[in-house]
Amino acid sequence: MKKVKMRTKIFRISFIILFAIFITVFVSNKYGYYEYKKHEQVTLTQEQIKQFEQDIKDGKKVDLENYLDYTNKNYQTNFSQMGLNLSNSIADTIKSGVDSFFKYVSKFVVE
């Protein structure tokens with residue numbers, strides 16, 4: 001009887017921890033910095049747009065390279081890169097663990 005209760009407690013605690021980690025990864029991915037930076041790279045500034053429109057009106061040859069600003073500085077250090085790699089590997093491990101857990105549970109629900 002104690003083994004069953006102990007297994008149930010371990011299962012509940014494991015499930016709660018996995019769920020909390022999943023929610024954390026999901027929220028950080030949902031409101032992430034990476035997507036913001038990608039959006040920022042795609043968007044031209046107002047000055048670049050005005051210059052582009054003026055060049056079109058003047059009939060000048062238009063080249064995209066003339067309007068892009070390549071001042072992207074990399075502030076990432078080896079330590080922050082290591083942290084990012086660790087974070088990504090933990091996220092992948094947790095995602096595969098949650099996926100396999102729900103696959104396992106779905107076998108019992110379907111049957």
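Predicted model: local features only at pLDDT ≥ 70, side-chain atom pairs only at ≥ 80, totals over all residues.

I started with burial: of the 111 residues of the protein chain, 6% count as buried. Buried here means under 20% relative accessible area, exposed means over 50%, and partly exposed is in between, with a 1.4 Å probe and protein chains only.

Residues are numbered from 1 along each chain as its sequence is written, and side-chain values use heavy atoms, with hydrogens and water left out.

Next I looked up the surface. The accessible surface of the protein chain is about 10600 Å², and carbon and sulfur atoms hold 63% of that. These areas come from the Shrake-Rupley method with a 1.4 Å probe; for residues, only the protein chains shown count as cover.

Then the fold elements. I found 4 helices and 0 strands in the protein chain, in the order α-α-α-α from the N terminus on. Helices (H or I, at least four residues) and strands (E, at least two) are DSSP runs, numbered from the N terminus.

Last, which charged pairs form salt bridges? A salt bridge needs a side-chain nitrogen of Lys or Arg within 4 Å of a carboxyl oxygen of Asp or Glu. I got 2 salt bridges by that rule.

- Lys60 pairs with Asp55, with the closest N and O atoms 3.7 Å apart. Asp55 is buried, at a relative accessible area of 8%.
- Asp99 pairs with Lys95 at 3.1 Å, N to O. They sit 4 residues apart in helix 4 (residues 78-110), so about one helical turn separates them. Asp99 is partly exposed, at 38% relative accessibility.
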